[in-house]
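Trainee: Could we go through this one together? I'd like to know what stands behind each label.

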Amino acid sequence: MTTDPVASDLEDLYRDLHRHPELGYQEHRTAGIAAARLTALGFEVTTGIGQTGVVGMLRNGEGPMALLRADMDALPVLEETGLPYASSATGITAEGRETPVMHACGHDLHVTCLVGACESLAASRDTWSGTLMVVFQPAEESINGAQAMVDDGLFERFGNPDVVLAQHVAPIPAGVIGLHAGPMFAASDALRITLHGTGGHGSRPEACVDPIVMGAAIVMRLQTIVSRLIAATETAVVTVGAFRAGSASNIIPANAELLLTVRTFDAGIRRQVLAAIERIVHAEATASGAPRPPEIVAFESTGVVVNDAAAVELTRSSLESTGALVVDPGPASGSEDAGIFATAAAAPIVYWLLGGADPAEFTGATSVEAIAARMTELPANHSPKFAPVIQPTLGIGVAALVAAARCWLPSHQ
Ligand SMILES: [Zn+2]
Ligand SMILES: [Zn+2]
């Protein structure tokens, strides 16, 4: 709790957004709140960009344009934090399934921080010049909301920014900011593989082509891509997150489905891994005598987010000016679609991790190893127990966005 009225208003906003999470492309309430706040501050506001995205423009004289970005969507997770402002909301997934919904990735915090930063930058507009472009993005979790806004003419309609600035709350101690020059988040490719066999009675395998055995061979062989194909100096992740087949113990099904996620940090390695998956899946299907070739569909994908080294150097001291300890956590194997804004605008991106774990959880942990060990015990993003501590996370998250924007928007003397 705080006695500062501005901070306490933002804390109330955060608790309200947390209690009312919305799934990707359904962020109508969240977008409405962001739009109303920005309109009240004197921004030119446009809603419905890329379905539910919101753009706010504050044109403040000559100078560069800085884009500040927050994502708005929540996850199909049943909240187990026990917080007084926990969500009991439900929603309908893109597949039409009813599900509990929770802000388990902290996007409610991102929205609140960006609203707070807009308040501060609007109030201090006589001390800087240039254009502030703020983007509240839908559907980050399906990593296609940024592309949806770009495809809807974001930069043709509002101009090209000179820099893209964004942050993500992470289970590092509140008061710490993670900033890494170079690859910050991995490229992500989600694949759906449909295997075709020949179904029949479980007692007569000789009359069938068993897609479960075919799939099992594929799952095991896919694990050789990282261990046998990728050099020790490179990294990649290949995870089979779903294997769906069959309905009864005595039936050999006709089909099986695998869902994969692939994470890479280098475009060449990404091509190599995807080509190996294609080869293995087709070869195993052939080896099994599949009646027709398998189908491989990439249904969600986003490129690596590469923090621009020069832009990171320029922004680092402003992030330090917030009082946060700025550390280099190295690249994260998570993925993000904020890089799409930077690529589409041909602008550098600076993306940092905002510590959100209660510093009290780290009492007595003085070495890097001890802090890292505590972190692995704390609920992280996407956990039903993920619960960032409101302060100082919110205060630093607002200050970081303001300081980073100010570093790109020239000050008046
Ligand atoms: Zn997430
Ligand atoms: Zn997230």
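Trainee: What is the strand order in the open sheet of 8 strands?

Mentor: Bear in mind that this is a predicted model. The order reads β1-β2-β6-β3-β7-β18-β8-β17, and the pairing is mixed. From one strand to the next, the twist averages 25°.

Trainee: What makes β1 and β17 edge strands?

Mentor: Each has a single partner strand, so one side of β1 (44-49) and one side of β17 (325-327) are left without a neighbour in the sheet.

Trainee: How do you know that β3 and β6 pair?

Mentor: Two strands pair if there are at least two bridges between them. Strands β3 (residues 65-71) and β6 (residues 130-137) have 7 bridges, in the parallel sense, so they meet that cut-off. Within this pairing, M65 stands opposite T131 of β6.

Trainee: Which strands does helix α3 touch?

Mentor: Helix α3 (residues 107-123) packs on the sheet against β2, β3, β6, β7 and β18, and its direction makes about 150° with that of β3. Helix α2 (residues 28-40) lies across β1, β2 and β6, at about 165° to β1.

Trainee: What makes L114 stand out in the largest nonpolar core?

Mentor: That core has 86 residues, and L114 is one of those touching the most other members, along with V164, L165, A400, L401 and A405. Leaving aside neighbours within four places in sequence, L114 is in contact with L68, A70, V134, F136 and L401. Helix α11 (residues 390-408) gives the most to this core, 13 residues.

Trainee: How many residues are in the other core?

Mentor: There are 19, including L191, L260, I269 and A285, and this core lies apart from the largest one.

Note on methods:
Residues are numbered from 1 along each chain as its sequence is written. Chains are lettered from A and ligands numbered from 1 in the order in which they are written. This is a predicted model: local features need pLDDT of at least 70, side-chain atom pairs count only at pLDDT 80 or more; totals for chains, interfaces and linings use all residues. Helices (H or I, at least four residues) and strands (E, at least two) are DSSP runs, numbered from the N terminus. Axes are lines fitted to C-alpha atoms, for helices over the stretch in contact, and angles run from 0 to 180 degrees between N-to-C directions. Two residues are in contact if their C-beta atoms, placed from the backbone, lie within 7 Å. A nonpolar core is a set of buried Ala, Val, Leu, Ile, Met, Phe, Trp, Tyr and Cys residues joined through C-beta atoms within 7 Å. A residue is buried if 20 or more other C-beta atoms lie within 10 Å of its own, exposed if 12 or fewer, and partly exposed in between; C-beta atoms are placed from the backbone.
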